[in-house]
Amino acid sequence: MNGHTLRAPARRCATLAAATALAAGPAALAGAGAAHATDGHGQGRASASVLRTDLDVSLLNRTVDVPLTVSLDEIQAPASARRTALTARVDGVDGGKPFSVLRADVARTDATVTDDRAEGSVDLAHARLHVPGLPLLSLIEVDQVTAKATCATGRAPAAASNVLGAVTVLGRKVALTAGGTTDVKVPGVGEVRLDLSQRGTTSRTAAATALELRVSVDPLKLNVADVEGTVTLAKATCETPAGAAREPAPAAASTPSAADVKPQGAPAGSDLAETGGSSLTPYLAGGSVVLLAAGGGAVALTRRRRS
């Protein structure tokens with residue numbers, strides 16, 4: 001009676017230990033696999049703007065400068081904008097009435113960021129830009145300008161910008177030099193310096209500007225003495241995302257040499273993958289040892305009972 005009572009718990013414990021060992025193997029393996037499946041991807045960046053002004057407006061009846069800092073469709077990813085008119089109000093100019101800074105048939109900006117790509121783009125068509133004191137004469141008129149910056153994981157960042165069609169500055173048509181500077185001087189009105197198609201890249205960033213204008217005009221109208229500063233048309237920037245962490249690519253297979261050939265039946269060791277083993281083999285082997293030990297203990301108890 002006592003012998004049966006001892007053998008049953010012993011067998012149950014052995015069976016439980018074996019089952020635990022076999023179950024723990026795949027569970028531990030799954031935990032190890034999850035530890036390697038980390039994301040590790042970083043945040044990319046992209047931006048786009050149709051227009052940005054940084055101007056100082058000097059007034060005739062007051063020795064002060066009134067800043068004119070406005071922007072049109074200036075966005076950060078992820079976003080898009082489509083707005084074709086921008087008005088601004090400057091105190092002391094034309095009785096404080098708002099005036100139109102920019103009007104365009106098309107003014108579109110887009111900025112997108114994914115796990116492996118960031119991109120900003122601008123498209124501006126049939127645009128007319130005004131500054132205070134020149135209500136009827138456009139500072140600049142353009143048929144079309146575009147800018148695009150693309151940053152993709154694993155590729156060099158790229159920047160592109162274009163000025164297409166005719167360009168008119170202070171009422172004069174001008175021929176722009178690709179990638180260069182053009183000066184336009186109009187007696188009694190002022191001077192504008194244009195930098196065309198500025199592009200720059202680094203190992204992770206890109207920036208493109210279609211037109212940048214350095215403005216110095218003295219309209220002597222609407223109580224405006226002069227207007228000085230910079231105007232930027234169509235600018236796009238980006239920064240490459242860090243990208244998701246990827247497992248290293250497997251090494252290319254090579255023809256084994258004579259020194260690499262092992263006799264059949266050699267210990268598996270670290271060559272389990274070559275002999276048909278897998279990462280579960282150690283757990284299966286451990287479970288087999290526990291089962292073998294449990295069986296041996298049961299046989300010993302039986303013999304002792306019979307004796």
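1. Strands here are DSSP runs of E with at least two residues, numbered from the N terminus. With that in hand, Leu 170 sits in the loop between β10 (158–169) and β11 (172–174). Leu 170 is not a glycine, yet its phi is positive, about 50 degrees. Leu 170 is also buried, at a relative accessible area of 4% (buried means under 20%, with a 1.4 Å probe and protein chains only).

2. Before going further, a word on the source: this is a predicted model, where local features need pLDDT of at least 70, side-chain atom pairs count only at pLDDT 80 or more, and totals for chains, interfaces and linings use all residues. Residues are numbered from 1 along each chain as its sequence is written, and side-chain values use heavy atoms, leaving out hydrogens and water.

3. Asp 73, in the loop between β3 (71–72) and β4, is another non-glycine with a positive phi of about 50 degrees. Asp 73 is buried, with a relative accessible area of 6%.

4. Check the peptide bond between Ala 77 and Pro 78: it is cis, with omega about -5 degrees. Pro 78 belongs to the loop between β4 (75–76) and β5 (79–82).

5. Cys 151 and Cys 238 form it, S to S 2.0 Å. The pair ties together distant parts of the chain, 87 residues apart: Cys 151 in β9 (residues 140–152) and Cys 238 in β15 (residues 224–239). The link is right-handed, with 70 degrees about the S-S bond, and both cysteines are buried.

Technical notes: Disulfide = S-S within 2.5 Å. Helix = DSSP H or I, 4+ residues; strand = E, 2+ residues; numbered from the N terminus. Buried < 20%, exposed > 50% of the residue type's maximum accessible area, 1.4 Å probe, protein only.
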